[in-house]
Amino acid sequence: MSTGPTHAMSGLTAWATATALAGDSSLGTLSVKGWCVGAVLCAGAALLPDLDHPESTVSSTFGPVTAAGSKLINAISHGIYQVTRTKRDSKRDGGHRGFTHTLVFAILAAITTTAIVQTSQSWALPLLMFFFSGLAVRGIMHKWCPRNDALWITGTALLLTYACLKWTDQASADAAACGVAVGIGCIAHYLGDAITEQGCPILWPVPIAFKTWYPVAPPKIMRMRTGGTVEMAIVGPLLTVVAIWMSAVALYNAGALPFLEGIPLIPWA
């Protein structure tokens, strides 16, 4: 897998780019609150697939709660892998980089998020933001704080959730946009894993080379080692720059950064 900071930043970059370049579509005309909510959800969702790995940093986000959830997800993923694998698929455990690393999971996560937000924004939206902001914080700060410091992560997630909802306008968040944000975050995670040495079974259950869990990946020469020089010195910084740039464009379009008027934020537009 890519490291936590890279995954979280890839989620923010993907959300910012999608909304900045969406034009007059519903995704490109979100309110400031809608955009910020989506940014939190997408950055957190970019860590969500790794909850299938009980030993991952993100599985300790909320202490015993996420640890137990991670073990359950791992067991379910293992079962799905064993039932659907072909003779050509490797005889691995299948718990990690299994079901949660597929487009099927991303679609289900997006639909579930949309349904939850539609149920009641008064409690469902803050709860989702709290959960996903916790994942994002844990991913970004995986080396800055003790692995088991769930209390610190919980407090930070609560603060971020409160600040985001308090600072932004009071327009209702778009339930569909929230779902799309989660889906985009998951896909950003898959792409990050796909360019590592192990690849990612994004297209399950579509059989490729007689494998239902075919690890989608570019040629080996184009793959990077997790936590290696390429990721830390090139990919991570590049994602950060693009995230800041595209976020500025999207927020300006939403009316939050009027001082950027007159600046050609997108030269080719």
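1. Basis. This is a predicted model, where local features need pLDDT of at least 70, side-chain atom pairs count only at pLDDT 80 or more, and totals for chains, interfaces and linings use all residues. Residues are numbered from 1 along each chain as its sequence is written, and side-chain values use heavy atoms, with hydrogens and water left out.

2. Main core. A nonpolar core is a set of buried Ala, Val, Leu, Ile, Met, Phe, Trp, Tyr and Cys residues joined through side-chain atoms within 4.5 Å. Buried means under 20% relative accessible area, exposed over 50%, and partly exposed in between (1.4 Å probe, protein chains only). The largest nonpolar core has 53 residues. Trp15, Trp35, Leu41, Phe132 and Cys186 touch the most other members. At least two residues of this core come from each of H1 (4-20), H2 (32-45), H4 (103-119), H5 (124-140), H6 (150-167), H7 (175-194) and H8 (229-253). Helices are DSSP runs (H or I, at least four residues), strands likewise (E, at least two), numbered from the N terminus. H7 gives the most to this core: nine residues.

3. Another core, of five residues, lies apart from the largest one. Its members include Met9, Val235, Leu239 and Ala243.

4. Cys186. Contact means heavy atoms within 4.5 Å. Leaving aside neighbours within four places in sequence, Cys186 is in contact with Ala45, Leu48, Pro49, Phe105, Ala106 and Ala109.

5. Helix H7. H7 has 20 residues and reaches 29 Å from its first C-alpha to its last. That is close to the 28 Å expected at 1.5 Å a residue (1.5 Å times one less than the number of residues). Of the 20 residues of H7, 16 are buried, so this helix is largely enclosed by the rest of the structure. At the start of H7, a side-chain oxygen of Asp174 comes within 2.8 Å of the backbone nitrogen of Ala176.

6. Thr100. Thr100 sits in the loop between H3 and H4. It is buried, at 5% relative accessible area. Beyond four places in sequence, Thr100 is in contact with Pro49, Asp52, Ile73, Phe105 and Tyr190. The side chains of Thr100 and Asp52 are joined by a polar contact of 2.9 Å. A polar contact is a pair of N or O atoms within 3.5 Å; within protein, one must be able to donate a hydrogen and the other to accept it, and residues adjacent in sequence count only if both atoms are side-chain atoms.

7. Asn74. Asn74 belongs to helix H3 (residues 64-84). Asn74 counts as buried, at 17% relative accessibility. Not counting residues up to four places away in sequence, Asn74 touches Asp52, Pro54, Asp93, Gly95 and His96.

8. Backbone checks. Most residues other than glycine have a negative phi, and most peptide bonds are trans. Arg97, in the loop between H3 and H4, has phi near 55 degrees. Arg97 is buried, at 7%. Ala209, in the loop between H7 and H8, also has phi near 55 degrees. Ala209 is partly exposed, at 46%. The peptide bond from Trp204 to Pro205 is cis, with omega near 5 degrees. Pro205 is in the loop between H7 and H8.

9. Record. An unreviewed UniProt entry lists residues 98-117, 123-141 and 230-252 as "transmembrane region". Residues 98-117 are 75% helix and 0% strand, with end C-alpha atoms 27 Å apart. Residues 123-141 are 89% helix and 0% strand, with end C-alpha atoms 27 Å apart. UniProt positions are in the numbering used here, feature names are shortened, and annotations may be inferred rather than shown by experiment.
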